[in-house]
Amino acid sequence: MAQAKIQAKMAEAPCKFSRTMSMADRSGRLLESLDQLEVRVESLREAASAMEQERECILEMIQSIQNSQEMRNICAGEREELDLTANRLMGRTLSVEISVGTIRNSMQEEALRKATSIIDELVKKLLDDMAGGRQQLMALHAACVTEAPPVPIDQKFQAIVIGCALEDQKKIKRRLETLLRNTESAEKNIKIMDNQKLETPKAKGCQ
């Protein structure tokens, strides 16, 4: 009877000598899972960033069509219909909201604020002085490229941009490139319209 009780107790008690996963093994498996998730997180951010850039590109292309010389050369009725279609596409594109947040420290936030303020002021200048503003715009853009630019570099702006987070640096460069394309397009349109001026009537008796 005593032997039977001892055997029953042994059967109920947990085995102290069974092999279990060590703490190091558990930590290693969790770290491996987190590493895999980190790859997926970066892929997610890259995909969202690509979508954000595609949205910007589509908006720019719609605006380019609306402001193109071809749009001005068609009759009013057809132009109105095309404008309605372009505005509809613009609205649908703007309804797509994509946001990729950037983690910044206080110094990076201040650098971004300064860089954004400089570009905003330059945009205002472009409205009054297209030629002078474009030269300054090229100097700002030159501060954001790695290859040697053919124009002077705004050293002060370059120092500010270097202080920004890497993702912000890329966005600043893209914004400046978009502004350069828009100013170039605007200058071309101005030249085309200027060449279409009515010829000055010749004085009577002149051949």
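Visitor: Which residues have the most contacts inside the largest nonpolar core?

Guide: In this predicted model, the largest nonpolar core has 18 residues. Those with the most contacts inside it are Ile119, Leu137, Cys144, Phe157, Ile172 and Leu176.

Visitor: Which helix gives the most to this core?

Guide: At least two core residues come from each of helix H5 (106-128), helix H6 (130-142), H7 and helix H8 (166-195). With six residues, the helix that gives the most is H5.

Visitor: Which residues does Phe157 touch, not counting residues up to four places away in sequence?

Guide: Phe157 is one of the residues with the most contacts inside the core. Leaving aside residues up to four places away in sequence, Phe157 touches Ala115, Ile118, Ile119, Leu140, Ala143, Cys144, Ile172 and Leu176.

Visitor: How many helices and how many strands are there in the protein?

Guide: Read along the sequence, the pattern is α-α-α-α-α-α-α-α. The count is eight helices and zero strands.

Visitor: Where is confidence lowest and where is it highest among the helices?

Guide: The protein averages a pLDDT of 84, and 80% of the residues score at least 70. The lowest confidence, a mean of 57, falls in helix H1 (residues 2-12), and the highest, at 96, in helix H7 (residues 155-162).

Visitor: Over which residues does pLDDT stay under 50?

Guide: Where pLDDT is low, the predicted coordinates should not be read in detail. The stretch in question has one contact beyond four places in sequence in the model, and pLDDT stays under 50 over residues 198-207.

How values were computed: Residues are numbered from 1 along each chain as its sequence is written. This is a predicted model: local features need pLDDT of at least 70, side-chain atom pairs count only at pLDDT 80 or more; totals for chains, interfaces and linings use all residues. Side-chain values use heavy atoms; hydrogens and water are left out. pLDDT is the predictor's confidence in each residue, from 0 to 100. Helices (H or I, at least four residues) and strands (E, at least two) are DSSP runs, numbered from the N terminus. Contact means heavy atoms within 4.5 Å. A nonpolar core is a set of buried Ala, Val, Leu, Ile, Met, Phe, Trp, Tyr and Cys residues joined through side-chain atoms within 4.5 Å. Buried means under 20% relative accessible area, exposed over 50%, partly exposed in between (1.4 Å probe, protein chains only).
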